[in-house]
Amino acid sequence: MWILPFEAQIKHTTRTIERNHAIKAEVTFCVRGVISPLLANLFLHYAFDLWMRRNFPDILFERYADDAICHCRDEDQATALRTALATRFAECGLTLHPEKTKIVYCKDQSRRENHPTFKFDFLGYTFRPRMVSKRVGGMGVSFSPAASTKALTAIRRTIRSWSMHRRSDKGLDDLARMFNSHIRGWINYYGRFCPSALYPTLQRIDLILARWASGKFKSLRGHKRRSRYWLARIARHQPRLFAHWGLLYGRGRTMGAG
């Protein structure tokens, strides 16, 4: 199977409206604006969705706002579709994103050819060949999603912005109430596929919590290992206190001493 992921870009145009002249409808694309996905959905429903169903009814596709992927049977079909899309979008005042529009070979256990492009990002996930456990037992290669590097970097940046280690005026329960909604949201979205990809990022929260404990309690001050053990003991007795503890330590896993 071949995948054609792309992102549409709506060209910016300006037009002076003169008195007594008919006003022509015009679409403005607010990049990164709150209303951007809504505008993209309205415009691309006609420029892309309906056009695809008329002209390429046998090609399945998924689209979210201005990001989409098309499932093609072979490279020739993907190449022909990309050419047709470029023409269609030009007619509608759109352009294909030059970096995000590419033809991807979905390599897995049964598709073993070598091609230069074999992965892509879509909605915060990276799709690529991965070693996975097969339902019938054993391991195999599957073309599957997991949280992307870009998404995980953004999560870590958010975690750092919380500055939990400096909140010595707060208790552990307070910190859980303050940040669990964020953590739970990440797990619910990015943990749906290959949740182990989240483990290293979520473990950073515990490293910061241990640092918080060493700053808050005199008995733990200057003792990183002892702080980790203290936090591990809390996690064993209150596994639901933080939203990520059930994922990280809920199946007999233990928190390392570090």
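## Overall organisation

Among contacts between residues at least 6 apart in sequence, 57% join residues at least 24 apart. Contact here means heavy atoms within 4.5 Å. The chain is a predicted model, in which local features need pLDDT of at least 70, side-chain atom pairs count only at pLDDT 80 or more, and totals for chains, interfaces and linings use all residues. Residues are numbered from 1 along each chain as its sequence is written, and side-chain values use heavy atoms, with hydrogens and water left out.

The secondary structure comes to 7 helices and 8 strands. These are DSSP runs, numbered from the N terminus: helices are H or I with at least four residues, strands are E with at least two. The chain has 258 residues, and 38% of them count as buried. Buried means under 20% relative accessible area, exposed means over 50%, and partly exposed lies in between (1.4 Å probe, protein chains only). The chain exposes about 16100 Å². Carbon and sulfur atoms supply 52% of that area. Accessible areas come from the Shrake-Rupley method with a 1.4 Å probe; for residues, only the protein chains shown count as cover.

Most residues other than glycine have a negative phi. Ala 65 has a positive phi of about 55°, although it is not a glycine. Ala 65 sits in the loop between strand S2 (60-64) and strand S3 (67-72). Its relative accessible area is 7%, so Ala 65 is buried.

Cys 194 also has a positive phi, of about 45°, and is not a glycine. Its place is the loop between helix H4 (172-190) and helix H5 (199-216). Cys 194 has a relative accessible area of 33%, so it is partly exposed.

## Aromatic pairs

The count comes to 15 aromatic pairs. The rule takes rings of Phe, Tyr and Trp (its six-membered ring) whose centres lie within 6.5 Å; planes under 30 degrees apart count as stacked, over 60 as edge-to-face and the rest as tilted. Tyr 189 and Tyr 190 have ring centres 4.8 Å apart and planes at 90°, so this pair is edge-to-face. Tyr 189 is partly exposed, at 38% relative accessibility. Tyr 190 is buried, with a relative accessible area of 15%.

Trp 212 and Phe 217 form an edge-to-face pair, 5.9 Å centre to centre with 85° between the planes. Trp 212 is buried at 1% relative accessibility, whereas Phe 217 is partly exposed at 28%. One aromatic cluster is formed by Tyr 125, Tyr 189, Tyr 190 and Phe 193.

## The loop at Ser 148

Ser 148 lies in the loop between strand S8 (139-147) and helix H3 (149-162). With a relative accessible area of 3%, Ser 148 is buried. Leaving aside its neighbours within four places in sequence, Ser 148 is in contact with Asp 121, Gly 124, Tyr 125 and Thr 126. Tyr 125 is also one of the members of the aromatic cluster.

## Salt bridges

Side chains of opposite charge can pair when their charged atoms come close. The whole structure holds 5 salt bridges. Each has a side-chain nitrogen of Lys or Arg within 4 Å of a carboxyl oxygen of Asp or Glu. Asp 49 forms a salt bridge with Arg 63, and their closest N and O atoms are 2.7 Å apart. This pair links distant parts of the chain: Asp 49 is in helix H1 (residues 36-55), Arg 63 is in strand S2, and they are 14 residues apart. Asp 49 is buried at 7% relative accessibility.

Arg 73 and Asp 74 meet through their side chains in a salt bridge, at 3.7 Å from N to O. Asp 74 is partly exposed at 28% relative accessibility. Arg 73 is exposed, with a relative accessible area of 60%. Arg 111 and Asp 108 form another salt bridge, with the closest N and O atoms 2.9 Å apart. Arg 111 is partly exposed at 24% relative accessibility, whereas Asp 108 is buried at 15%. Shared partners join Asp 58, Arg 73 and Asp 74 into one salt-bridge network.
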